[in-house]
Amino acid sequence: MAAIFSKRNVVIGLIVLAALFPYVARNDYYLHVLTLAFIWMIAVYGLNLLAGFTGYLSLAHAGFFAIGAYALGLLTVKAEMGFWPAFLLAPVITTGIGFLVGIIALRTKEHFFAIYTLCVGYIIYLVIDKWEGLTGGVRGLIGIPAPADIGPISLSTPIAQYYFVLTILLLVILVIYRIIHSLTGKTFIAIRNSEDLALSLGISTIKNKLLSFVLSTFFAGVAGALYASFIRFIGPDIGNLNITFDLLVYMIVGGIGTLSGPIVGTLLIVWLSQNLQFLQDYRMLIFGPLLTLIVIFSPRGIVGFIAGWFTNWKLRRKVNINQAQEQAEEV
Amino acid sequence: MLETRKLTKQFGGLVAVKDVDFSLEHGKINAIIGPNGAGKSTFFNVVSGLYRPTSGQVIYKGKDISKLPANKVAELGIARTFQTTHLFEMATVFDNVVVGHRLRTQSNLLDSIFRTKRLKQEEEKCKEKALEVLKFVGLSKSVDRMVTNISQEEKKRVAFALALATDPEIVFLDEPTAGINPDETAELSQLMEKMAQQGITICLIEHKMQMIMKLAEKIMVLNYGEKIAEGTPDEINHNEEVIKAYLGGSASA
């Protein structure tokens with residue numbers, strides 16, 4: 001029984017489920033919502049790498065998401081660059097700006113880091129909003145091209161875009177999985193755990209924090225570029241603090257510092273907000289208490305809660321088996 | 001091989017460590033004692049590179065290391081533990097210790113993403129090292145236990161293991177037996193002796209006098225940041241200034 005639910009089978013099952021979804025749902029609206037959720041997940045993975053695994057809560061994440069989106073938009077619309085070069089360049093530009101911000105931001109810690117990045121995020125939003133000559137200001141950017149065809153494969157239909165975004169999401173998860181389960185990830189976790197201890201174990205905290213920060217902006221940039229090519233219109237609002245807090249909620253509800261948290265949190269909240277749309281802004285009356293309850297009773301979110309329960313169950317089973325063996329030996 | 005020359009650390013107007021000259025006995029157990037607030041931990045923090053000295057030098061193998069950051073000091077073979085162990089409670093003992101050997105590895109981000117041969121070899125090396133040091137500190141059986149579920153004494157052992165995983169020549173132990181009962185204290189003392197037998201130089205801060213007098217071969221006494229005495233346990237026991245510092249000025253008046 002347990003063998004059927006092994007990690008590998010669950011992962012394969014989920015991928016098959018995601019791959020079959022368009023044929024099961026047969027509904028472009030659902031497809032649209034889920035594609036968008038996948039894009040958010042990529043951004044949340046970036047945030048989780050930094051906040052969840054390295055212990056630095058950045059509130060500039062939507063800002064970097066917007067930089068990725070605008071980089072793609074401006075390169076394709078204004079510089080008339082081809083889609084693929086622009087799509088590769090957008091995350092690079094985001095990462096470059098992330099590097100410069102990171103050098104300064106990482107001189108602060110804890111609350112001060114959060115406040116500093118909050119300000120950086122707002123400044124990015126303001127620059128996009130006010131620099132009309134470059135970004136079009138509140139009017140936004142229109143006419144961003146959809147992903148160009150790859151040879152005979154067309155990426156213009158909703159189904160094709162769904163698979164395109166899904167592929168990138170799976171790649172992102174693979175990369176994050178490998179980072180977390182390698183020496184690099186263990187180094188990040190050591191920093192989250194105690195910077196003084198990490199330092200005295202010979203870990204260069206400055207270098208590794210910067211690496212984690214830059215990686216998180218890279219994933220925000222990828223998500224932003226995907227968003228721009230998927231929605232094909234962007235306005236300054238995508239860099240707004242609301243988006244940062246949406247991403248934060250996805251991460252915290254799913255489970256900060258867990259590998260599957262971003263998927264669980266994003267799917268759950270997106271599904272909830274779709275189903276509660278008739279409540280309009282009163283939806284927040286449900287999200288607020290939900291978030292509070294999770295933070296109080298399960299600081300590591302839904303995934304952390306289930307994982308904790310599962311570990312306890314395994315431990316208890318082990319103890320029972322040991323006791324049974326001891327009894328048997330006594331007899 | 002490690003000595004301090006006129007080491008001084010000032011926080012604003014407060015002089016926490018003042019003109020301390022001290023050298024460690026190679027391969028032996030050294031101890032620093034002194035009343036609360038005497039500057040013992042600050043001395044540790046300066047020597048291990050977490051703080052920069054205000055003036056003076058830390059000399060290791062003939063080189064001035066007082067301006068090096070803590071991670072570089074660790075690379076040179078100087079490890080340390082903290083008063084509070086700083087372990088990650090929600091992970092296993094093994095997972096906590098495996099990162100200890102990271103400083104002796106080269107793998108970078110790309111190695112991690114592409115799972116290169118180098119990464120696999122180095123991960124194996126870290127794993128072996130972790131198991132080796134956990135065996136050394138007597139925790140072979142607790143490798144897979146969560147840190148939250150082990151005793152305070154075992155946590156101290158995990159902290160020792162972490163320090164040993166860095167392949168150190170000198171280990172600084174900041175109050176290794178704080179909050180631990182007498183029986184367990186004796187066991188930890190044995191572990192420290194075992195480390196010294198392996199050729200590791202040890203320097204510890206401790207409040208438990210009986211234990212120090214039995215364990216250490218060289219003792220330095222700090223009071224208000226200044227060194228007031230240095231020598232063998234016997235010498236320290238009969239030093240008037242030390243008695244004054246511990247019992248108060250009126251005792252000898």
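1. How many helices and strands does the secondary structure of chain B come to? The secondary structure of chain B amounts to 10 helices and 10 strands, where helices (H or I, at least four residues) and strands (E, at least two) are DSSP runs numbered from the N terminus. The model is predicted: local features need pLDDT of at least 70 and side-chain atom pairs pLDDT 80 or more, while totals for chains, interfaces and linings use all residues. Residues are numbered from 1 along each chain as its sequence is written, with chains lettered from A and ligands numbered from 1 in the order in which they are written.

2. The C-alpha trace of chain B spans about 70 × 40 × 30 Å along its principal axes. Of its 253 residues, 43% count as buried (20 or more other C-beta atoms, placed from the backbone, within 10 Å of the residue's own).

3. Chain B is assigned domain 1 (1-77 + 168-253) and domain 2 (93-166); the bounds come from an automatic or database domain assignment. The domain centres, taken over C-alpha atoms, are separated by 27 Å. Domain 1 of chain B gives 10 residues to the contact and domain 2 of chain B nine (contact: C-beta atoms, placed from the backbone, within 7 Å). On the domain 1 side, helix 7 (182-197) of chain B supplies the largest share, three residues.

4. Between the chains, 28 residues of chain B are in contact with 21 residues of chain A. Elements giving two or more residues to the chain B side are helix 2 (70-75), strand 6 (78-80), helix 4 (109-114) and helix 5 (117-136) of chain B.

Methods:
Two residues are in contact if their C-beta atoms, placed from the backbone, lie within 7 Å. A residue is buried if 20 or more other C-beta atoms lie within 10 Å of its own, exposed if 12 or fewer, and partly exposed in between; C-beta atoms are placed from the backbone.
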